[in-house]
Amino acid sequence: MYELVSPVNPVAVLRYTGHLLLVFAGVLLVPMFAALVLGETDAVSIYGVTVLISAVIGIGLYKALPDYELEVKEAVILAAITFPLCSFVSAVPMALSAGMPFLDAYFECVSGLTTTGLSLAPASPTRLFFFTRSWLQWVGGIGIIVLVLGVLIRPGTTAFRLYRVNFGESRIRPSVVATARALGAVYLGLTLLSLLLLLFSGMPFYDALCHTLSAISTGGFSTRPESIGAYGGILIPFLITISCFMGAISFSLYPEILRDRKTLTRDSQVRYMFWLALLGTPVFAFALSGGSVGLELLRMLPDAAFQTASALTGTGFSTIDLAPVSDASKGFLSTFMCIGGSIGSTTGGIKLFRLIVIVQLVRLVFYRFFLPREAVTPLKVGAQVVDSEEIYRIMTYVLLYSGVLVFSAFIFMLYGIDSGDAIFETSSALATAGLSVGVTNPAMPGLLKLVLCADMLLGRVEVIPLCILLLPRTWLESRR
């Protein structure tokens, strides 16, 4: 924050925005070719023109503006504007090709790129529409900045600062550019594995491709109105659950798992995630059955297991209609959505590492009552010592996260929406999970659509960068 005593250099931000637009033009080439394959000829030209305009503006900014090394504050700003800007660019061709209002298209693209899965889909969506939003979820899952790092940015200070702002200090390769490329390779490998699993289940290729893109990114868009509930049996829900968990585990862990399989069980976030899923399933089944035991409880177990995993990993697929479930069931799922998966994965929510730190902090507070005042008791998660600065950051984030959730739910309540539904829907947006009890629909008021858009963006970029973007001192010199 001390760097914000001097404002950011807008020219530097603008130059790297050019990089961003150039890479995102490449991202939109895929829906353009998909439109060609699917025979939607009007959409080919719409996406083609969008790609051309984005690329020309991107190259223009990149070539016309002088080169700068990004400061950390400018890297934060770039992280904050990435998702709103790319959502805007992708909403233009979606609105034109699908014939939907621009706000609804923007909502759909925000939901896609933030890997949320809440939807304002038109009444008769095309196959291109389904594919495009799943593709956006896949791109949003790996992170657009990773694509920029892997494709356009050369190794150096700027690359390091961009990586650090988006992914922290941990690296799996000596340079951040090599790390970005390695993470991309892991993501691609998991995607191919997930696609093979769904093809093995007998799912048609188009459906398998769309669901794979949404599952591994923990996005949750489906090609069916009933989501995964449209597919009978337990095989497809089971295989999709595997893909959701693969996306919810830190990508940096996979290279280590290949070297030593025990790494998976040693990771504290993975252990917490699986224990929560295991213990949460019977609790949610009990809530779904209305407190019944016996056969009714057993009958609920498969759906309860799937929905618990879907909420915890922030994926948002469903096998049941969530609108008529009890407030206790909605409260359970809202809590699990807010927990989220591992740091360094595609999930949203507060994330397990932060919650583990808070649990350890509470334990330490009680523990110190029994120790001498001068005793040194560092806070640890596994073998990792968590310093005080990290603890402040985590507590600030959780406080801001809670404040945004309460404020968003309050706005929904002002529109007469039941408090349980309001908390569920805003929890789903802020955690980028995508489960819905039916409140999110094309007929909802425009202000509520904007609130959910803001929640999804805040959840994806983790609140603080967007707050910094809006601070006056980010852009204006302080008068002192």
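Five aromatic residues, Trp 135, Trp 138, Tyr 187, Phe 251 and Tyr 254, are joined into a cluster by ring pairs. The model is a predicted one, and a search through the whole of it turns up eleven aromatic pairs. One of them is formed by Phe 245 and Phe 274, whose rings are stacked, with 4.9 Å from centre to centre and 25 degrees between the planes. This pair ties together distant parts of the chain: Phe 245 belongs to helix 10 (residues 235-248), Phe 274 belongs to helix 13 (residues 268-288), and the two are 29 residues apart. Phe 245 counts as buried because its relative accessibility is 12%, which is under the 20% cut-off. Phe 274, at 38% relative accessibility, counts as partly exposed.

Then there is the pair made by Tyr 397 and Tyr 401. Their ring centres are 5.8 Å apart and their planes meet at 55 degrees, so this pair is tilted. Here both partners sit in helix 17 (residues 388-414), four residues apart, or about one turn of the helix. Both ends of the pair are tucked away: Tyr 397 is buried, with a relative accessibility of 3%, and Tyr 401 is buried too, at 1%.

Rings also turn up alongside charged side chains. The charged end of Arg 133 is placed over the ring of Phe 221, 4.1 Å from the ring's centre. Arg 15, for its part, lies over the face of Tyr 16, and here the distance to the ring centre is 5.9 Å.

Now for the surface. A nonpolar patch is formed there by Val 362, Val 365, Phe 366, Phe 369 and Phe 370, which together have about 620 Å² of accessible area. Among these residues, Phe 366 is found in helix 16 (residues 352-367) and counts as exposed, with a relative accessibility of 53%. Another exposed residue is Leu 298, with a relative accessible area of 52%. Leu 298 is part of helix 14 (residues 295-312), and its C-alpha atom is 8.9 Å from that of Pro 282, a residue 16 places away in sequence.

Leaving aside residues up to four places away in sequence, Pro 465 touches Val 76 and Ala 80. Pro 465 itself is in helix 20 (residues 464-470) and counts as buried, because its relative accessibility is 15%.

Notes:
Residues are numbered from 1 along each chain as its sequence is written. This is a predicted model: local features need pLDDT of at least 70, side-chain atom pairs count only at pLDDT 80 or more; totals for chains, interfaces and linings use all residues. Side-chain values use heavy atoms; hydrogens and water are left out. Buried means under 20% relative accessible area, exposed over 50%, partly exposed in between (1.4 Å probe, protein chains only). Contact means heavy atoms within 4.5 Å. Patches are made of residues with over 30% relative accessible area and no salt bridge: like charges are joined within 9 Å, nonpolar side chains (Val, Leu, Ile, Met, Phe, Trp, Tyr) within 5 Å. Accessible areas come from the Shrake-Rupley method with a 1.4 Å probe; for residues, only the protein chains shown count as cover. A salt bridge is a side-chain nitrogen of Lys or Arg within 4 Å of a carboxyl oxygen of Asp or Glu. Rings of Phe, Tyr and Trp (its six-membered ring) pair if their centres lie within 6.5 Å; planes under 30 degrees apart count as stacked, over 60 as edge-to-face and the rest as tilted. A charge sits over a ring if NZ of Lys or CZ of Arg is within 6 Å of the ring centre and within 35 degrees of the ring normal.
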